[in-house]
Amino acid sequence: MVSFDLTGKTALVTGAAYGIGFAIAEGLAGAGAKIAFNCRSQKNLDAALAAYAAKGIDAHGYIADVTGEEQVASLIAQIEEELGGVDILVNNAGIIKRVPMTDMTAAEFCQVVDIDLTGPFICAKAVIPGMIARGGGKIINICSMTSELGRETVSAYAAAKGGLKMLTRNIAAEYGKYNIQCNGIGPGYIATPQTAPLRERQPDGSMHPFDEFIRARTPADRWGEAEDLAGPAVFLASPASDFVNGHILYVDGGLLAYIGRQPAGE
Ligand code: NAP
Ligand code: GCO
């Protein structure tokens, strides 16, 4: 019997104060998981706890920066004390800086890579020993279209997300024998605060040019919603995916499969 049931499991979703992480945490909770999440801002944490409660989810929130090894070690210890060990880790926390590469400082480049790639390494390294001790676990890394494709102004982000694809495969390779499955989710273009600058109305009231660019490359002809990612996350967090390892599941409305809308009349 295929099981998507997460009852009795504890999930840590990093950066799940809002956006994709919040939607994934909500989906995992709906499948029975206990939810822990972290972010850096107390204001965001407080607002998130209220939002989870409004949805009937008893989420446990913690202030922790995923780039801090000591902060993450303390986070995992707190979760183990309060909720039992982390059975499911979703490495979701991430930032982006949209700057032409030759204008980007090395410090800016490193900040993006630290959060988007080193952070997932630190968090995975912190939870794997406990997963091994308990007979297995699930790690889901939130990758990106830029794990496969480049575009102007996102060099640091694409380097980090491309690296995260290979970190996903390497964790699968190194720890699969301990019944740990490490997979990625590669969202397409999703309507969250992170992409708000790409969707904002222009002074004349028209849509941002990027909106048409993305919709013309997405067969679904729409931006994704954060909720579109919840089902794929439940699948990769559940026993239903126990023989799926090192896979990047793209949830992109077909973007990677599509050359782009052809000119009218062709
Ligand atoms: P978002 O709306 O900007 O939310 C990012 C979350 O991460 C916030 O809760 C933020 O809270 C937290 N965060 C940022 N840096 C952190 C750090 N160092 N330590 C702990 N928490 C941190 O982003 P999103 O659109 O939901 O994206 C979530 C993930 O999906 C990211 O990895 C992003 O790269 C990826 N993604 C997004 C899209 C998209 O189109 N939106 C597509 C593909 C992939 P604080 O600021 O309070 O820490
Ligand atoms: C950008 C967007 C993308 C999305 C996502 C696409 O500026 O191109 O922010 O990077 O966030 O990563 O999968």
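**Legends to the close-up views**

**View 1. Ile132 is partly exposed, with a relative accessibility of 31%.** Here a relative accessible area under 20% is called buried, over 50% exposed, and anything in between partly exposed, with a 1.4 Å probe and protein chains only. The model is a predicted one, in which local features need a pLDDT of at least 70 and side-chain atom pairs count only at pLDDT 80 or more, while totals for chains, interfaces and linings use all residues; side-chain values rest on heavy atoms, with hydrogens and water left out. Residues are numbered from 1 along each chain as its sequence is written, and chains are lettered from A and ligands numbered from 1 in the order in which they are written. Ile132 belongs to helix α4, where helices (H or I, at least four residues) and strands (E, at least two) are DSSP runs numbered from the N terminus. Once the neighbours within four places in sequence are set aside, Ile132 is in contact (heavy atoms within 4.5 Å) with Tyr175, Tyr178 and Ile180. From Ile132 to Met207 the C-alpha to C-alpha distance is 49 Å, and the two residues stand 75 places apart in sequence.

**View 2. Helix α3 (residues 69-83) meets helix α4 (residues 106-133), with axes that come within 10 Å and cross at roughly 40°.** The axes are lines fitted to C-alpha atoms, for helices over the stretch in contact, and the angles run from 0 to 180 degrees between N-to-C directions. α3 and α4 are therefore oblique to each other, given that angles under 35 degrees count as roughly parallel, over 145 as roughly antiparallel, 65 to 115 as roughly perpendicular and the rest as oblique. On the α3 side the contact is made by Glu69, Val72 and Ile76, and on the α4 side by Ile122, Cys123, Lys125, Ala126 and Val127. Of the residues in this contact of α3 with α4, 6 are nonpolar, none is polar and 2 are charged; Ala, Val, Leu, Ile, Met, Phe, Trp, Tyr, Cys and Pro count as nonpolar, Asp, Glu, Lys and Arg as charged, and the others, Gly among them, as polar.

**View 3. Helix α8 (230-237) is largely enclosed by the rest of the structure, because 6 of its 8 residues are buried.** The buried residues of α8 are Ala230, Pro232, Ala233, Val234, Leu236 and Ala237, and what covers them includes α1 (19-30), β4 (88-91), β5, β6 (180-187) and β7. The axes of α1 and α8 come within 8 Å of each other and cross at roughly 55°, which makes α1 oblique to α8. The crossing of α1 and α8 is right-handed, and the contact between them is made by Ala23, Ile24, Gly27 and Leu28 of α1 together with Ala230, Ala233, Val234 and Ala237 of α8. In this contact of α1 with α8 the residues divide into 7 nonpolar, 1 polar and no charged.

**View 4. Lys138 lies in strand β5 and is buried, with a relative accessible area of 6%.** The side chain of Lys138 is joined to that of Asp242 by a polar contact of 2.7 Å, that is, a pair of N or O atoms within 3.5 Å of which, within protein, one must be able to donate a hydrogen and the other to accept it, residues adjacent in sequence counting only if both atoms are side-chain atoms. A polar atom of the Lys138 side chain also lies 3.1 Å from the backbone oxygen of Ser238. Beyond four places in sequence, the residues in contact with Lys138 include Asp87, Ile88, Leu89, Met131, Gln181, Leu236 and Ser241.

**View 5. Ser241 sits in the loop between α8 and β7 (248-251).** Ser241 is buried, with a relative accessible area of 0%, and its side chain reaches the backbone oxygen of Phe235 at 2.9 Å. With neighbours within four places in sequence left aside, Ser241 is in contact with Lys138, Gln181, Phe235 and Leu236.

**View 6. Thr153 and Asp221 have positive phi values.** Phi is near 75° in Thr153, a residue other than glycine, which is placed in the loop between β5 (137-142) and α5 (155-175) and is partly exposed at a relative accessible area of 25%. For Asp221, likewise a residue other than glycine, phi is near 55°; Asp221 is found in the loop between α7 (209-215) and α8, and is partly exposed with a relative accessible area of 33%.

Key:
Left-handed = near helix turned anticlockwise from the far one by under 90°.
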